[in-house]
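Hi,

Here is the structure I promised to pass on.

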Amino acid sequence: MENVVFLFPLLLLPVNALKNVLRTMEMMDVLMFSFCSKVSKNHVKSLKWKADFCSLHLLDPIELKISFRFPRGYNIIQIELTYFSFLLRCPKPTEVRINTSHGATFSAVQKDSEEKHFYNRKRTGGELIRHFLDISNISEINRSQVGFHHDHYDENIYYYAREIYKGLKVKKLLCENVNIPDYYRIVNLILPKVFLHGISPSLEISRKLLIQNFEYFRMEHETSVTSLDTLLMANCRNVRFSCRQFTDKDFNRFLKLWIKKANTQLETILFSNSKDRVMEDILKGIPSRRMDERREKIAPMWKSVVVRDGYVINRSDGIEATISIETEHNDAIVFAVWNQF
Amino acid sequence: MSVENAPVVDVDEAAIPVEKKMYYRFESNDKKEFRVSELAIQQSETLNRLVEAMGYTSEDVENKPAIAIENIDGKTLKLVFQWCEHHKGEAIPVDDGSVPKIVEIPEFDAKLMDIDNGLLFKLIWAADYLNIVQLLNVSCKKVANMAQGKTPAQLRRVYLLPSDEEDEAAKRAAQEAQDPRAREVEEEFEERKRQGGNSFF
């Protein structure tokens, strides 16, 4: 027997009451309501949900996660898009899986969840993602990850990335296990503020990435290829990378060039994998003095960089910088510019 | 309708202190009269302010005409006052901004709202107009429960939501009805576009 359907003219309610109906609905039902029409979507948007974190991962499947923090706990929406026709360049994901969950604490969130699974023929992946971001009032994705590593995705991944990331702002991008020809084009397409690089690209790609104007750039895979020339080309403000190939002489050359105003935009560099360095060789021929105080700097993506027992050098225009070996960062060499002094 | 014949709402008199026992008289738009206790009135911000502003004494309540509530009918107002009497003295809930808003429908409220959707619709309008926070919460929750587990297509049906195409058509029709020349301008614009001429902008 068909279920009895009760009809109710929801949109004819006073605005306050309509908002109250939507606010008392379960989150999954509100999401379904937002897909009814443009008007219903705008009503959901007017609830002014404010997400506290959002991540978008270009993995297999593509995954969007939005979390909300409310006085009574956490709510999380998770959307998975699966393209069965990946090779066919069809921008519409065949399957859409939506999961909503809540819990009093972040770790308890998964205990109470609801899931819906749809076959999609109407909307592209980008349209679906922008819909969810729009109703959650998200203007910037906090974290995105690109991690395809299946050979057969290589040819079309840029096509999908272009459709998905169109018009989106991404704060932090993490690339892992990516080995595709369009890799650099994808990074260039997303243009995050912060770029974390978990693989070892060629020297050519390293250079192309370092000349981007990232707020923070990290490339410290053990086999990452970098050179002093590459570093001198960098336009990023805060850099953390492996310097296994760097000699003390290279560091010395870098400091001398910095004094002559090379890399003026640089604020902090953390050279990892830099054990057994000899500070006397690094500072050879450079006027410097021993730091007499402890200095702390808040750099993006680091909790803070504490510089102590280092050496102070001065640029030709008087700007100070310190170079030190930090045991807290696994004997990394930290070069910090103190523009405020 | 005379006061004697008015559908007086049951009152738990033991719960009300003798010195505060005061009833107000209200009249619906279809001339049905109700006597409602002072404590029950406090559930409605609108009515509470109204009676405060009027400064009625016990004598005034009996001698002056009942306070008219123009836009609510007797059937709906009866439900409203029954709810207010049952929940009199209860604290008015404060919204903590949680999503979803946690609202539980008590057994009494569920029975009271065991009504057709037309009357439920009027009840929500009345709760909103009279600013009865908890009645609005529970009645809205009842409507929200209709959405449980439904797909967008089913929700469109349940909530009578027009599709985007229907919205567009209605908008166009409304524009045309407002200005009969709009159609002519639209046609002229389309004609110019066909001829490859410049648009109006």
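**What I found**

UniProt, in an unreviewed entry, lists residues 26-88 of chain B as "domain: SKP1 component POZ". Keep in mind that this is a predicted model. In it, that span of chain B is 52% helix and 14% strand, and its end C-alpha atoms sit 17 Å apart.

Chain B puts 39 residues into the contact and chain A puts in 36 residues. Together they bury about 3,600 Å², with carbon and sulfur atoms giving 63% of that area. On the chain B side, the residues that lose the most area to chain A are Val99(B), Pro100(B) and Phe121(B), which together make up 16% of what that side buries.

Now the polar side of things. I get 13 residue pairs in polar contact between chain B and chain A, counting pairs with both residues at pLDDT 80 or more. The salt bridge count between the two chains is 1: Asp95(B) pairs with Arg23(A), and their closest N and O atoms are 2.4 Å apart.

As for which helices of chain B are involved, helix 6 (117-129), helix 7 (133-145), helix 8 (152-158) and helix 9 (164-178) each supply at least two residues of the side that touches chain A. Sorted by class, that side of chain B has 21 nonpolar, 8 polar and 10 charged residues.

Cheers

Note on methods. Residues are numbered from 1 along each chain as its sequence is written. Chains are lettered from A and ligands numbered from 1 in the order in which they are written. This is a predicted model: local features need pLDDT of at least 70, side-chain atom pairs count only at pLDDT 80 or more; totals for chains, interfaces and linings use all residues. Side-chain values use heavy atoms; hydrogens and water are left out. Contact means heavy atoms within 4.5 Å. Buried area is the accessible area (1.4 Å probe) that two parts lose on being put together, summed over both. A salt bridge is a side-chain nitrogen of Lys or Arg within 4 Å of a carboxyl oxygen of Asp or Glu. A polar contact is a pair of N or O atoms within 3.5 Å; within protein, one must be able to donate a hydrogen and the other to accept it, and residues adjacent in sequence count only if both atoms are side-chain atoms. Helices (H or I, at least four residues) and strands (E, at least two) are DSSP runs, numbered from the N terminus. Ala, Val, Leu, Ile, Met, Phe, Trp, Tyr, Cys and Pro count as nonpolar, Asp, Glu, Lys and Arg as charged, and the others, Gly among them, as polar. UniProt positions are given in the numbering used here, feature names are shortened, and annotations may be inferred rather than shown by experiment.
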